[in-house]
Amino acid sequence: MSDNLTVTLPSDLEIKMVRVFDAPRALVFEAHANCEHLKHWWGRGNPLDCVMDFRPGGTYRFVEHTPDGEQYAFRGEYREIQAPERIVQTFEFEGMPGHVCVETLGLTEEDGKTTVTSLTRFDTKEDRDGMVSSGMADGARESYQALAAYLAKLS
């Protein structure tokens, strides 16, 4: 299994990330659907405050606490949930209010491994480029490494 996260820019408004996990799809889905799981890996494994109402129309808010004492808050709304294969949600970094993107997470399973494909769509190319330049890919890679380690403990 590859540890690597593949990040591509399929259009001027999109970022696509793909990562394979050595775990069944139902478990990977549950790790995205429950604060008790998310606290172990989201935000690169840093301490996380997590509040979520995991249903279409429900909202979430995550606050990551970094080792240097900073706090980064993110929020959004769940638009569509099809367990265990699809989650569509809005995503907004509270440090840049008003810049809301839409993330579609797809999960497919083959031979006990789950491929997670995230497609994030932005309103403008500037918003997309700002997300790319923020170090988002490195943060996602670190979070997914933490998720892989967490899933290994659960399996």
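Start by selecting Arg19 and Phe21. The charged end of Arg19 sits over the ring of Phe21, 4.7 Å from the ring centre. A charge sits over a ring if NZ of Lys or CZ of Arg is within 6 Å of the ring centre and within 35 degrees of the ring normal.

This is a predicted model, in which local features need pLDDT of at least 70 and side-chain atom pairs count only at pLDDT 80 or more, while totals for chains, interfaces and linings use all residues. Residues are numbered from 1 along each chain as its sequence is written, and side-chain values use heavy atoms, with hydrogens and water left out.

Now show the aromatic rings. The structure holds 11 aromatic pairs. Rings of Phe, Tyr and Trp (its six-membered ring) pair if their centres lie within 6.5 Å; planes under 30 degrees apart are stacked, over 60 edge-to-face, and the rest tilted.

Select Phe29 and Phe54. Their ring centres are 5.9 Å apart and their planes are at 70°, so the pair is edge-to-face. Phe29 lies in helix α1 (residues 25-33) and Phe54 in the loop between β3 (48-52) and β4 (59-65), so the pair ties together parts 25 residues apart in sequence. Helices (H or I, at least four residues) and strands (E, at least two) are DSSP runs, numbered from the N terminus.

Phe29 is buried, at 6% relative accessible area; Phe54 is partly exposed, at 23%. Buried means under 20%, exposed over 50%, partly exposed in between (1.4 Å probe, protein chains only).

Next, Tyr60 and Phe62. This pair is tilted: 4.8 Å centre to centre, 35° between planes. Tyr60 is buried, at 4%, and Phe62 is buried, at 4%.

Finally, select Phe29, Trp42, Phe54, Tyr60, Phe62, Tyr72, Phe74, Tyr78, Phe91 and Phe93: ring pairs link them into a cluster.
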